[in-house]
Amino acid sequence: MEIVAPLEIEDYVIQTAEFMSPARWHIGHTSWFFETLLQTYQPGYKIYSPDYLFYFNSYYEGFGARIERPKRGTRSRPTVRETVAYRRHVDEQMLRFLESVEDHEQADTILQLVRLGLEHEMQHQELLVYDIKHLLCDQFNAPIKAGPTSAAKVEGMAEIGGGLIWLGYGRGLGVTSSNAGEKLNSQLTNYSFAFDNEKPAHQVFLQDFAVDRALVSNGDYLEFMRADGYGDFRWWFSEGWEAVNREHWAAPLYWELHDGEWMIRDFAGLHSASSKANEPVSHVSFFEASAFAKWAGRRLPTEAEWEKTACLAAPPDQRRLFPWGDEPVELAKANLFENGLWTVSTIGAYPEGKNDFGCHQMIGDVWEWTTSDYVPYPGFKSEFDEYNDKWFVNQKVLRGGSFATPQIHVRSTYRNFFHAHERWMVSGFRCAKDL
Ligand SMILES: [Fe+2]
């Protein structure tokens, strides 16, 4: 509700593209998720409104009929006032329900679902930022805070040894190699949640590889554009080349050409791309990231390479929760939603967040594209129908969180996923190469 507070009433209801949702829908849908829990576990719970179940269900076949996604902005009812009242009602019911939940015979299951509901809400907080940006961009009165003023120089690639590694949430995370796999240590308490798609931890083999210490910057990307990157089929996947021609892509989303100069529009206004040359490029699709990498003689990392780099400590190669170690996320370590920047930071602005190999900003700023297909890990077991399991086709994995991700929502094992052509989310990348 704090995120949407600066919106005017008209801003809540319209849909500016098929892929975005109106703010009114997000604030109702996140309560709808909790209402389904009340329906199942609260004896005698009375549904607030069958119309709301229809309008606020996103894609869950198991919860009945629903409005098609592209039509969420074609209705003015329920109104914003009604939606806020619905939200208040569900919140009150949930609080009352939770007061006595420990006496419930399915208390453990319910508490797991409550946690899932909260994580789901955090996902929608981030989507709200994307959608408000698409709706209003610099017309939105975002409560922007100043970012760090100095930045470390970040150059070159880190060379990482391959071999068998543990990938995924659980085993070896936050524990020394001597007791790896036995239990998670006490520092993990705040990080005791992970989505089912991050599990189980399993072994994969990696060849030696090198990975960029810095995210690819707007300046790097401008060079690709000036070299006619968008005009040369050689760098593009066939489907990517089709997208370039069909969508007339000539730059990332939110870039505009003014009097021959590329400008970037964000929540803070319109600024020349060259003045933002040392910031990570964002709002690029997987196709654009891949084309840049090929042009640069590199490739994107796999998600296993990314995770090994993000969790790797200097020898003896302990596996850690975050690039900086096992300490929780804090403002000085990564640019996440709580930092309040509402945009990417300068490359090198968070030196406290780098790993032992000098890789900066793996957590925060931009979600990083990987070459990995979003598929279940070996041994995957769905913990909630239709949440993650039904999306295991035709999408790519992104890692690391963005400036719009809440701090307690991000993890090194977190697997985000989008289609290869999508770019309204805060997506960027770093390159890798074989050794
Ligand atoms: Fe949702």
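Here is a short tour of this structure, one selection at a time.

Before you click, know that this is a predicted model, where local features need pLDDT of at least 70, side-chain atom pairs count only at pLDDT 80 or more, and totals for chains, interfaces and linings use all residues. Residues are numbered from 1 along each chain as its sequence is written, and side-chain values use heavy atoms, with hydrogens and water left out.

**Stop 1: the iron ion**

Select the iron ion, then show His29, His120 and His124. Each of these coordinates the metal through NE2, at 2.2 Å. Donors here are N, O and S atoms within 2.8 Å of the metal (3.2 Å for Na, K and Ca); water is not among the atoms, so sites may look incomplete. Along the sequence, the donors follow the spacing H-x90-H-x3-H. His29 sits in helix α1 (residues 23-41) and His120 in helix α4 (residues 107-135), so this pair links distant parts of the chain, 91 residues apart. Helices (H or I, at least four residues) and strands (E, at least two) are DSSP runs, numbered from the N terminus.

Are His29 and His120 buried or exposed? His29 is buried at 1% relative accessibility, and His120 is buried too, at 3%. Buried means under 20% relative accessible area, exposed over 50%, and partly exposed in between (1.4 Å probe, protein chains only).

**Stop 2: helix α1**

Of its 19 residues, 17 are buried, so the helix is largely enclosed by the rest of the structure.

**Stop 3: salt bridges**

Go back to α4 and pick Glu121. Its side chain meets that of Arg87 in a salt bridge, 2.6 Å from N to O. Arg87 lies in helix α3 (residues 80-99) and Glu121 in helix α4, so the pair ties together parts that are 34 residues apart in sequence. Glu121 is buried at 17%, and Arg87 is buried at 9%. To count as a salt bridge, a side-chain nitrogen of Lys or Arg must be within 4 Å of a carboxyl oxygen of Asp or Glu. The whole structure has 26 of them.

Next, select Glu368 and Arg430, whose closest N and O atoms are 2.8 Å apart in another salt bridge. Glu368 lies in strand β8 (residues 367-373) and Arg430 in the loop between β11 (427-428) and β12 (432-434), so parts 62 residues apart in sequence are tied together. Glu368 is buried at 0% relative accessibility, and Arg430 is buried at 0% as well.

**Stop 4: aromatic rings**

Rings of Phe, Tyr and Trp (its six-membered ring) pair if their centres lie within 6.5 Å; planes under 30 degrees apart count as stacked, over 60 as edge-to-face and the rest as tilted. That rule gives 45 aromatic pairs. Show Tyr60 and Phe384 for an edge-to-face one, with 6.5 Å between centres and 80 degrees between planes. These two are 324 residues apart. Both belong to one aromatic cluster, which also includes Trp32, Phe33 and Trp391.

**Stop 5: a charge over a ring**

Finish with Arg415: its charged end sits over the ring of Tyr377, 3.9 Å from the centre. The rule is that NZ of Lys or CZ of Arg is within 6 Å of the ring centre and within 35 degrees of the ring normal.
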